[in-house]
Every structure is written in structure tokens, then in C-alpha cells.
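These notebook entries record what I looked up about aromatic rings. The sequence and the structure come next.

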Amino acid sequence: MTRARQDRVLGLLLRDGDWVTASALADALGVTPRSIRSYVNAVNARVAPGVAVESGPQGYRAGSDAGAALRAGGDTGTPRDRLHTLVRALLDAPDGIDVFETADALHVSPATLDADLARVRGLLGGTELTLERSASRARLRGTEGAQRRLLSKLAHDEMDAGSFDLTALRRTLGEGSVGAQAFGPFKTELVARLGELGWFVNEFGIADVVMHIAIAADRTSRDRPLDAVGDAVGQRPTHSQVAEIIAELSERHLGVRLGSADLQHLATLVLTRVVAPDGHEDGASAAASSSLDPEVEAVVREVVTAAAEEFLVDIAHDDFVARLALHVQNLLHRAREQAWSRNPLTRSLKSTYPMIFEVAVFIASRLQQRLGIPLPDDEIAYIAMHVGGRLERSRRADQLLTATIVCPGYYDLHELLRSSVDRSLGQAIEVVGVETRVDPDWASIDTDLVLTTIDPPTATTDRIVRIQPFLTDADVERVQSAAGRIRRSRRLARLRAELERYFEPSAFVRGFDEAVGEEGVIRGLGALLQARGVIDAEYIERTIERERLSSTAFTDALAVPHALEMTASRTAIAIGIADPSIPWGDGRVQVVALVAFSESDREAFQTVFEQFVEVFSERDSVQRIVRRGTDFNAFLDELVAVIDG
């Protein structure tokens with residue numbers, strides 16, 4: 001556990017890239033600041049005389065050797081490393097291992113190894129493997145495919161501790177594994193060859209597939225080929241071509257000749273996980289369209305239409321439905337293989353675009369009901385990427401700020417300036433007027449921004465930006481900063497008005513018993529809203545169901561549990577403050593906001609949801625609110641103060 005917490009500190013510092021106080025880190029891990037200091041000392045010792053974590057008056061930040069420290073310590077001394085070594089030993093020994101000999105090899109007592117074997121059993125859930133124990137021997141029983149899924153699980157565990165790379169793969173397969181050579185030239189050539197077939201390659205999934213190829217090569221070299229598998233996915237015309245490419249590259253780069261079952265399985269993984277048709281290649285696009293199951297497409301269209309109506313988002317378009325349907329069809333095949341795709345952007349998508357992620361959760365929930373496929377967070381994140389791409393096209397125009405250029409006429413100077421502004425800032429602002437007088441009527445200019453080459457007669461406000469007649473890089477930066485401030489102030493002003501309207505003063509709790517868990521907290525806060533007639537018992541149960549789909553811990557400090565359907569009698573928010581932090585999902589939180597939305601406030605959902613999460617994504621703001629929010633009035637005062645800046 002201590003090693004895991006040390007890695008968690010490193011991960012947080014690497015992700016933030018800035019100074020973080022010991023108190024903030026302690027809140028994130030649920031420990032004391034003194035413990036954080038000991039963890040920092042320990043991780044620095046891994047790379048001595050290097051520096052993994054820098055210390056200073058502002059706290060801690062990742063040092064130049066942070067990445068190396070995260071990957072260091074691959075020996076068998078820690079429980080986690082020992083567990084992985086034990087699993088590899090079991091996988092490599094068809095007849096099982098001798099418990100006492102293995103304990104000696106790992107320099108632990110037989111009792112400790114027995115405890116490790118119990119932890120191995122905990123890893124076997126969903127792998128179709130069983131651990132048998134007879135006298136001094138322990139053995140894994142199950143198909144070769146199931147054993148490979150366990151290896152994949154170990155590799156993903158290494159990914160959770162740090163970025164997935166060659167070092168992580170070697171720790172999983174062993175330093176002598178031929179599969180550990182699978183990165184580099186193999187991946188580069190695989191991507192190039194797939195491109196020649198007319199396919200875009202999903203870089204988020206390619207490393208995961210190469211990992212499976214590495215596992216296949218490693219197991220084949222140990223005379224453990226894959227059992228026979230079913231027919232190729234959808235009998236795609238390119239299936240045999242992909243299999244031939246994998247066969248050729250494996251033999252040339254790894255020196256391993258893969259069997260037909262392995263090649264068929266790996267080609268299926270490639271076609272269902274890392275490629276999408278290139279619109280410029282008619283053959284590939286037509287092949288993809290012809291292989292799309294009409295039933296899947298119909299279900300996706302129905303679910304997308306429901307999501308568009310529920311959240312008032314512009315996603316019900318034919319091109320969006322077609323792309324998502326192809327993704328869902330591939331997802332169905334991955335579900336049958338129990339080969340889920342990892343997504344390195346899951347955490348950032350959830351914290352940065354909570355509204356988009358919420359739409360994706362809704363879609364995933366309906367797909368799960370209609371198609372019977374469980375969807376982990378990483379798969380939901382891929383759906384969120386589809387949703388975000390569609391909404392980005394729709395929202396660009398809505399985000400434009402209007403601007404007036406004030407530039408006294410001299411030949412065509414004002415026209416040149418407008419052209420420069422459009423070219424450099426056209427994605428952020430829209431110029432709707434140009435004033436060429438030396439003495440314009442400043443009071444009548446009502447655009448969001450005023451870009452002026454002359455000084456205004458009154459004190460400069462945030463919306464008036466002084467620029468040069470010939471636009472400079474510094475001018476562009478000043479305009480972008482001003483535009484950002486205006487957007488943020490407007491968003492937060494809307495949020496303040498909404499929150500003051502929706503907060504329920506009697507539904508405020510400070511302090512939670514960690515033992516009650518997420519569901520206990522939801523039931524406690526939900527009961528307060530139920531007592532006010534805002535929601536009923538069924539709404540609370542549906543909130544718990546939503547939480548089980550995907551954690552609502554959208555930041556390192558905030559969880560926003562809620563039901564997917566907006567059935568409250570009125571919109572209200574119950575607030576819980578946890579000091580110290582409590583476990584939630586894969587992390588810990590300090591603020592829990594149970595939000596009950598009513599049908600009539602559907603349009604307010606986006607404002608409250610996205611901006612509320614934005615406020616609590618700033619660590620300093622969270623600490624201020626948590627420390628000073630001793631009762632509801634104090635909490636609201638601090639929240640408003642943070643919003644007002």
C-alpha cells in the first residue's frame with residue numbers, strides 16, 4: 001500500500017506539472033502531510049542522486065527524474081511486484097509451482113506466499129481461471145485465452161502505475177521475453193502498412209494491440225499457442241490482409257511464427273480496436289459500410305436521438321450515428337473477447353468535459369440495456385470522444401465573441417488590420433464593425449470586445465484592448481486573454497445565479513464516516529432532499545445505479561452523484577463536505593454535491609454541471625471552500641467569493 005501511495009503522489013505531480021502543497025496531496029490520498037513528506041523521501045531515494053520530487057516553499061512538484069522513479073523498483077520486494085512475479089510463475093508452469101520453493105525464491109515466508117496466493121485469486125475475477133491448491137503445489141487452470149487475459153490485466157496494472165512503455169511490458173512478460181521487443185520498429189511498420197490498406201489508425205489503441213501481439217509472441221515461443229477461435233469478425237475483406245501483415249512482422253521483428261488461431265484473433269483485435277475507414281479511400285469506406293449491422297445502427301440511432309432530447313445537444317446527425325455505430329459494432333466484438341480498450345484520456349475527459357462525459361454515460365447506459373454489453377470507463381471515454389467531436393462542430397459558432405475595431409482611417413490601414421484580426425483570431429472572435437473616426441461614439445459600441453489602435457477617453461475596461469495598427473503576437477495574446485476572461489466571467493456569473501437558486505440550505509452535511517461508502521453518502525444526502533419533497537426513494541436508487549455505471553468523481557476533490565433521468569419535482573442540490581477526504585471511485589473527494597434535476601430545468605443542466613465542476617477543479621479554491629465552509633452560509637459565502645474571483 002505504501003508503494004502504491006508513493007506512486008500516486010508521483011502520478012499527481014506529473015499530471016499537474018506545477019507546485020502542489022503537502023496538504024492538497026494529503027487530502028487527495030487521505031493521509032497526513034507528514035506521510036506525504038515520507039513518501040517524497042522514499043521516491044527520491046529510488047533515483048538518488050537524481051531528484052524525482054522537488055521541494056520548496058510552495059510545496060512539491062515533479063522533478064526531472066519523476067518518470068524514472070515511477071518506473072523504478074521492479075524487484076520482487078513490494079507486495080505488488082511480488083504478486084506479478086507470482087502470477088508469471090503460475091502462467092509459465094502448466095504443472096503448477098511448489099509453494100515452499102517459490103517462497104524461498106522470493107525471500108518470503110510460506111505464510112506470506114499463502115497471502116499472496118489469496119490475492120492472486122482476487123485477480124482472477126472475470127478471467128475464467130481458477131487457482132487450485134493441492135498440498136505444496138499451486139496451479140492455474142483455464143484456457144490459453146483466459147491466461148492471456150490475465151497477462152493483459154497485469155500489463156494494464158503497470159499502465160495504471162505509470163505510462164505504458166517497453167519497460168512496463170518487460171516487467172509483465174519478463175526481461176527475456178521475445179515479445180518485449182514488439183514496440184518501436186514493429187509498431188511503426190504496422191501503422192504504415194495499415195495506412196496502405198486505407199485505414200486511419202487509432203493511436204490510443206495501437207499500443208494496447210501491440211501489447212497483445214507481444215503476449216502472443218511470448219506465449220507461442222513457450223509452446224503455448226492460442227486455442228482455436230471462431231470465424232473472423234464479419235468476414236471483412238481486409239481480415240486476411242491484416243493477418244498476413246502481423247504474421248510477416250512477427251517473424252521478421254520477433255523471430256516468432258504465429259499460428260493461424262493467433263493471427264485470426266490478432267487481426268480481429270486490429271480491425272475492431274485501432275482502425276477506422278479513411279474517407280479518401282472509397283474501397284475501405286465501402287467495406288466498412290457494407291459490414292455495418294443494420295440492427296446495431298438502428299439501436300445507436302435510437303439511443304443518440306434519446307440523448308439529444310434528454311440533454312438538448314446537437315448530436316442526432318447521420319454522419320455521427322454512422323461513425324458511432326461502427327464503433328459500437330467493434331465494441332460488441334471486443335466485449336465477446338473480453339478485450340476492452342484502454343483510453344489514456346479518460347481522467348482528463350471526465351474532469352475537463354463533464355457534460356460531454358455525462359452524455360456518453362447516458363448513451364452507454366442505453367446501449368448496455370439494448371445490447372447487453374457492460375461498458376467500463378475507458379470505453380465510455382471513447383464514446384465521449386465521438387460526442388465531443390460532434391459538439392465541437394456545433395459549438396464553435398456559439399463561443400465566438402463579437403468585436404469592434406477602432407482604427408482611424410488612413411488609406412486602407414483599417415482593412416489590413418481587420419484582415420489580420422480575422423486571420424489570427426477568427427476562431428475566437430467575430431469582427432462585426434469597424435470605426436474609422438478619431439472620435440467615435442464609444443458609449444454606443446456594445447460588442448463584447450473593442451480592439452482599438454487609439455486610447456479610449458475613459459478608463460480601460462476588460463473588454464477594451466489596445467492593439468497596434470499592424471497586429472503583433474503580443475496583441476493577439478492580449479486579445480485572447482481578454483476573450484478568455486470575458487467567457488469565464490459570464491459562465492461563472494450564470495453559475496452563481498443558478499446555484500443560489502438551487503442550493504437547499506437544509507441539505508448540508510459536514511463530516512462523513514468513511515465506512516458508509518459512496519452509497520451511504522448518496523443515501524444520506526438523498527434523504528435530506530427526499531424530506532423536502534424534491535425527490536423520492538426511486539430517484540435515490542437510480543442515482544446509485546448511475547454511480548455504478550461510472551464514478552461521478554469528476555475532479556480530484558468533487559463528486560456529483562445524480563440520476564440520469566431528470567425527474568425531480570424541482571431542481572435542488574445537497575452538499576456534503578468531507579474533511580478529511582473520503583474514498584470515491586478510484587480516488588478520494590472532499591465535496592459531494594448530490595444534484596436532483598427537474599424536467600423544467602433541462603437547459604440549466606449544462607451550466608450547473610460544467611461550471612460547478614470547473615470551480616472545483618482548482619485545488620486552491622477547493623481547500624479554501626472546504627476549510628472555511630463550516631456551515632451552509634459559510635460554504636455559500638466562500639463559493640461565491642471564489643466564483644467572483
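Is Phe508 buried or exposed, judged by its relative accessibility? I noted first that the model is a predicted one. I then found a relative accessibility of 16% for Phe508, which is under the 20% limit, so Phe508 counts as buried.

**Entry on the pairs.** I looked up the count of aromatic pairs and found five. One of them joins Phe503 and Phe632, with 6.0 Å from centre to centre and 80° between the planes, and this pair is edge-to-face. I checked where the two residues lie: Phe503 is in strand S12 (residues 503–510) and Phe632 is in helix H26 (residues 632–644). They are 129 residues apart, and the pair thus links distant parts of the chain.

**Entry on burial.** I looked up the relative accessible area of both partners. Phe503 has 7% and is buried. Phe632 has 11% and is buried as well.

**Entry on a further pair.** I next examined Phe508 and Phe632, whose ring centres are 6.2 Å apart. Their planes stand at 75°, which is over 60°, so I recorded the pair as edge-to-face. Because Phe508 lies in strand S12 and Phe632 in helix H26, this pair ties together parts that are 124 residues apart in sequence.

Methods: Residues numbered from 1 in each chain as written. Predicted model: local features only at pLDDT ≥ 70, side-chain atom pairs only at ≥ 80, totals over all residues. Heavy atoms only, no water. Phe/Tyr/Trp six-rings, centres within 6.5 Å; stacked < 30°, edge-to-face > 60°. Helix = DSSP H or I, 4+ residues; strand = E, 2+ residues; numbered from the N terminus. Buried < 20%, exposed > 50% of the residue type's maximum accessible area, 1.4 Å probe, protein only.
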